Amino acid sequence: MPGDIDHELIAKSLQGNEKAFRDLIGRHHGAAYAVIRGILGDSDEGEDVLQQVYIKIHRGLPSFRGEARFSTWVYQIARNEALNAAKRRRFETTPIEDVVLAAPETTSPERAYGQRELGERMEAAMARLDESHRLALELRYMGDRSYHEIAEMMQIPLGTVKTYIHRGKAQLKEILEREAAPGRPHEEGRAT
Amino acid sequence: MNSERIEAMLSAYAAGELTAAERAEVEAALARLPALRESLAAFTALEETLVSRREQVPPAEGFLRGVFAAARAAAPSPHPSRGRLRRWLDAATGVPAVATYACLATALAAFVYRDALASLIARLTAQRQMPSMPDASGVTDAIVAVAGGEMWVLAVVYAGVTALIVLSLSLVTMRFVREG
């Protein structure tokens, strides 16, 4: 079981085995990065936050009691660190809402789904989703987690995870289609 | 199928998450309602873009180098710079240790030269013409003799030496354990 592998790697890491810690982090790296991206969006700051998350995990590993899954613990640390960074940023830089409104405004319908442009527009569209929908989507795709794993990490029912992901994708499709349509006003604010 | 269920089914179809029966249901709906194909195309493009986000995850190794560097920086050095308290503790450990070895050496010398020591003490006490002089045939008697026959002095000396030895050996042991 994945949890058993984690526990073995944790035990070895606590004995000072650096390779075990590398393997342990390697198993959760995508998810940790996805959580941070889900909260902070596409910013250089995310990598600094991820560094802090891993330092916290390394320091906190002796106190990890295994009452929750390691993946849940990583999720909580990553989420807290990212939220703290977002709070700091709120006082220092442009709010995320303004960044979203400043995203490219026009694209011809023919090119709307071109991968590069779609990628750029995707970032702006992702930022307009509810945080829970965005986190579930990032964990599913960027973090490559199964629905069950996402449910455990976010500590929500499996059905809720499916709803978040389906609704998140439907919202993304709607936002992207609306922005690709010529002559139609852009909706301001977040999609609901 | 209502519109939300159709959307959910098309999204899951594009993601390859449906059972065979559900896929057949969607394909039947697509055959019946060609307008759904445009929506499916949009979900398929969205799925590809979302999956491609995995490529944006940077390798973990770069972050781990920083983690291990931070851990090493935070770990105590094998030869730490010693604080004032630590230096005092070391001195406190060292002084009793030296005293212990000095006591043991003195005791050994007193045992080896016990006869000569006893006669020396006897001569000294005789010169002082001390009253009720006990027979100073051994170190114990000599101490009692020097103390003027007071046995409590002997008890204090032995108790002090014993306590000093026990304390010193404990401190030395602790020091070895701590540094070992």
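Is His29(A) buried or exposed? Select His29(A) to start the tour. This is a predicted model. His29(A) has a relative accessible area of 6%, so this residue is buried.

**Stop 1: helix α2 of chain A**

His29(A) lies in helix α2 of chain A. Now show its contacts, leaving out residues up to four places away in sequence. From chain A, you will find Leu50(A) and Tyr54(A). From chain B come Val57(B), Pro58(B), Pro59(B), Ala60(B) and Phe63(B).

Next, select Tyr33(A), also a residue of helix α2 of chain A. Tyr33(A) is buried, with a relative accessible area of 6%. Set aside neighbours within four places in sequence, and Tyr33(A) is in contact with Glu47(A), Leu50(A) and Met142(A) in chain A. In chain B, Tyr33(A) meets Gln56(B), Val57(B) and Pro58(B).

Along the sequence, Tyr33(A) and Leu139(A) are 106 residues apart. In space, their C-alpha atoms are 8.8 Å apart.

**Stop 2: the nonpolar core**

Which residues have the most contacts inside the largest nonpolar core? Select Phe21(A), Tyr54(A), Ile57(A), Phe70(A), Leu139(A) and Leu172(A). The core itself has 71 residues. Helix α2 of chain A, residues 18-40, gives the most to this core: twelve residues.

Zoom in on Ile57(A). Not counting residues up to four places away in sequence, Ile57(A) touches Phe21(A), Ile25(A), Phe70(A), Trp73(A), Val74(A) and Ile77(A).

**Stop 3: aromatic rings**

Five aromatic pairs are counted over all chains. Select Phe21(A) and Phe68(B) for one of them. Their ring centres are 5.8 Å apart and their planes stand at 65 degrees, so the pair is edge-to-face. This pair crosses between chains. Phe21(A) sits in helix α2 of chain A, and Phe68(B) in helix α4 of chain B, residues 61-74. Phe21(A) and Phe68(B) are both buried.

Move to Phe70(A) and Trp73(A). Here the ring centres are 5.7 Å apart and the planes are at 50 degrees, so this pair is tilted. Phe70(A) and Trp73(A) belong to helix α4 of chain A, residues 70-92. They are three residues apart there, which means about one helical turn separates them. Phe70(A) counts as buried because its relative accessibility is 3%. Trp73(A), at 17%, also counts as buried, because the cut-off is under 20%.

Ring pairs link Phe64(A), Phe70(A) and Trp73(A) into a cluster.

**Stop 4**

Where is Asn80(A)? Look in helix α4 of chain A. Asn80(A) has 42% relative accessibility, so this residue counts as partly exposed. Asn80(A) and Val35(A) are 45 residues apart along the chain. Their C-alpha atoms are separated by 9.9 Å.

**Stop 5: a surface patch on chain B**

Which residues form a nonpolar patch on the surface of chain B? Select Leu108(B), Phe111(B), Val112(B) and Tyr113(B). Together they have about 480 Å² of accessible area.

End on Phe111(B). Its place is in helix α5 of chain B, residues 84-112. Phe111(B) counts as exposed because its relative accessibility is 53%.

How values were computed
Residues numbered from 1 in each chain as written. Chains lettered and ligands numbered in written order. Predicted model: local features only at pLDDT ≥ 70, side-chain atom pairs only at ≥ 80, totals over all residues. Heavy atoms only, no water. Patch = residues over 30% accessible without salt bridge, like charges linked within 9 Å, V, L, I, M, F, W, Y side chains within 5 Å. Areas by Shrake-Rupley, 256 points an atom, 1.4 Å probe, with all protein chains shown as cover. Salt bridge = Lys/Arg side-chain N within 4 Å of Asp/Glu carboxyl O. Helix = DSSP H or I, 4+ residues; strand = E, 2+ residues; numbered from the N terminus. Buried < 20%, exposed > 50% of the residue type's maximum accessible area, 1.4 Å probe, protein only. Core = buried A, V, L, I, M, F, W, Y, C linked by side-chain atoms within 4.5 Å. Contact = heavy atoms within 4.5 Å. Phe/Tyr/Trp six-rings, centres within 6.5 Å; stacked < 30°, edge-to-face > 60°.
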